Amino acid sequence: MRMHDRLTGVPASAAVLDEMETLIANGQDNEAAQLAMQNPAFYNVTLKHWITPWTNESFDVFAPLNDYTATVIGVIRDDVDFRQILSGDLIYVGDDSLGLPAYSNSSNSHYQAMEDTHTDLKANLVRAQQSSVTGLPTEATAGVLTSRAAAKSFFKDGTNRAMFRFTLINHLCTDMEGVADITRPPDRVRQDVSRSPGGDSRLFHNSCVGCHSGMDPMAQAFAYYNYAYDTEADPDGLNGQLSYHRDGQTDPETGLRVQAKYWINSNNFVHGYITTSDAWENYWRSGPNQNLGWSDSLPGQGEGAKSMGQELANSARFARCQVSKVFEEVCLRKPQDAQDRNQIDFITDQFTANGYRMKQVFADTASYCKGE
């Protein structure tokens with residue numbers, strides 16, 4: 001049956017197939033989809049395939065299981081409010097009974113062992129507080145944004161803008177070009193961005209500012225984070241770990257909690273913004289990017305990754321993005337016409353009205369595409 005195959009990637013047993021056929025014949029499509037999702041392959045195959053590309057810059061679907069992927073799988077299994085993936089103090093690890101290597105801040109061995117032994121993720125993932133597992137302060141946890149896998153991919157080197165950019169790509173379904181707005185004030189654009197690239201200031205005002213004027217004030221939320229590793233002995237950062245400057249800690253270069261990477265290339269434009277804290281502000285609440293649907297219940301500014309993750313996850317675009325991605329995963333195609341788009345609108349409304357539960361999105365989408 002196509003519904004089962006698309007939800008799990010494996011054929012149904014004869015008994016399950018018969019039960020699903022009876023349910024569908026009785027108009028109980030949702031119950032049939034929920035039955036299919038009881039198969040462990042929904043978690044080990046479908047969800048892992050769907051989530052893994054979010055965890056790395058190359059969107060590699062074959063990357064190993066890691067704390068980012070496992071945490072999203074666990075959130076879906078347990079019907080946790082999906083917005084928590086960008087702000088919650090939560091992480092999913094393997095059950096102690098499995099005899100796995102302990103979770104490590106400097107190694108993926110815990111999750112690699114689960115992959116190597118083909119661990120049933122549905123049965124053996126356990127929810128924990130991220131702060132208790134990794135040692136981060138609770139206020140510094142931000143769901144998968146502060147997972148080791150995300151730090152390795154998006155905090156390693158650079159300026160931490162990558163974390164913001166790939167969060168937009170993976171969770172709001174847009175790259176920077178899709179939110180570029182040259183009408184926002186450039187007062188929070190950092191010093192490392194030249195105001196006359198190639199000697200032509202028009203390039204900054206007509207191009208660069210479009211992304212940086214909105215991105216830099218938001219990416220400031222990550223000012224205390226870094227991915228620390230030995231650049232000579234471990235150039236790929238395989239044994240690195242997330243670094244966070246707690247209250248009272250200072251960076252030797254900035255003399256503040258702000259990581260040195262936020263002050264690099266300061267001579268590019270000495271009059272540019274100097275980051276002194278992790279206070280962020282969403283300049284896109286005005287202008288054309290209002291259409292991302294920011295929540296009126298939030299102030300649009302704050303301190304740190306947790307509150308910034310809440311800002312993104314409570315946007316209308318976040319909800320629609322998740323539904324659109326599920327549509328492509330389950331229906332094996334992009335929406336093609338008004339009927340498809342209306343269905344995505346309907347499922348999105350249901351998603352936001354009923355606790356942001358992702359399994360229901362998969363069930364509703366499978367029901368819609370079952371005859372294809």
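## Cavity, disulfides and core

The largest cavity is lined by Ile347, Gln350, Phe351, Asn354, Arg357, Gln360, Val361 and Asp364. Here a cavity is a set of points, on a 1 Å grid over the protein atoms alone, where a 1.4 Å probe fits but cannot get out, and lining residues have an atom within 4 Å of a point. Please keep in mind that this is a predicted model, in which local features need pLDDT of at least 70 and side-chain atom pairs count only at pLDDT 80 or more, while totals for chains, interfaces and linings use all residues. Residues are numbered from 1 along each chain as its sequence is written, and side-chain values use heavy atoms, with hydrogens and water left out.

**Cavities**

- Counting those of 30 Å³ or more gives 3 cavities.
- The largest cavity holds about 40 Å³ of space, where a volume is the space filled by probe spheres set on grid points joined across faces, edges and corners.
- Helix H14 (338–353) and H15 are the elements that give two or more residues to the lining of the largest cavity; helices are DSSP runs of H or I with at least four residues, numbered from the N terminus.
- The lining of the largest cavity splits into 3 nonpolar, 3 polar and 2 charged residues, with Ala, Val, Leu, Ile, Met, Phe, Trp, Tyr, Cys and Pro counted as nonpolar, Asp, Glu, Lys and Arg as charged, and the others, Gly among them, as polar.

**Disulfides**

- There are 2 disulfides, each defined as a pair of cysteine sulfur atoms within 2.5 Å.
- The disulfide of cysteine 173 and cysteine 321 is right-handed, because the torsion about its S-S bond is about 80 degrees.
- Cysteine 173 is partly exposed at 37% relative accessibility, whereas cysteine 321 is buried at 2%; buried means under 20% relative accessible area, exposed over 50%, and partly exposed in between (1.4 Å probe, protein chains only).
- A disulfide also joins cysteine 331 and cysteine 369, whose sulfur atoms are 1.6 Å apart.
- Cysteine 331 belongs to helix H13 and cysteine 369 to helix H15 (residues 358–369), so the pair ties together parts that are 38 residues apart in sequence.
- With a torsion of about 65 degrees about the S-S bond, the disulfide of cysteine 331 and cysteine 369 is right-handed.
- Cysteine 331 is buried at 3% relative accessibility, and cysteine 369 is buried at 2%.
- Counting bonded cysteines along the chain, the disulfides follow the pattern 1-2, 3-4.

**Cysteines in no disulfide**

- Cysteine 208 is in no disulfide, and the nearest cysteine sulfur, that of cysteine 211, is 8.5 Å away.
- Cysteine 208 counts as partly exposed at 24% relative accessibility.
- Cysteine 211 is in no disulfide either, and counts as buried at 19% relative accessibility.

**Nonpolar core**

- The largest nonpolar core has 95 residues, of which Leu7, Phe82, Phe164, Phe222 and Phe362 touch the most other members; such a core is a set of buried Ala, Val, Leu, Ile, Met, Phe, Trp, Tyr and Cys residues joined through side-chain atoms within 4.5 Å.
- H13 gives the most to this core, with 7 residues.
- Leaving aside residues up to four places away in sequence, phenylalanine 362 touches Leu7, Met37, Phe42, Thr46, Leu47, Trp50, Val326 and Val330, where contact means heavy atoms within 4.5 Å.

How values were computed
1 Å grid on protein atoms, 1.4 Å probe; cavity = no way out; pocket = protein on both sides within 12 Å on 5 of 7 lines; lining within 4 Å.
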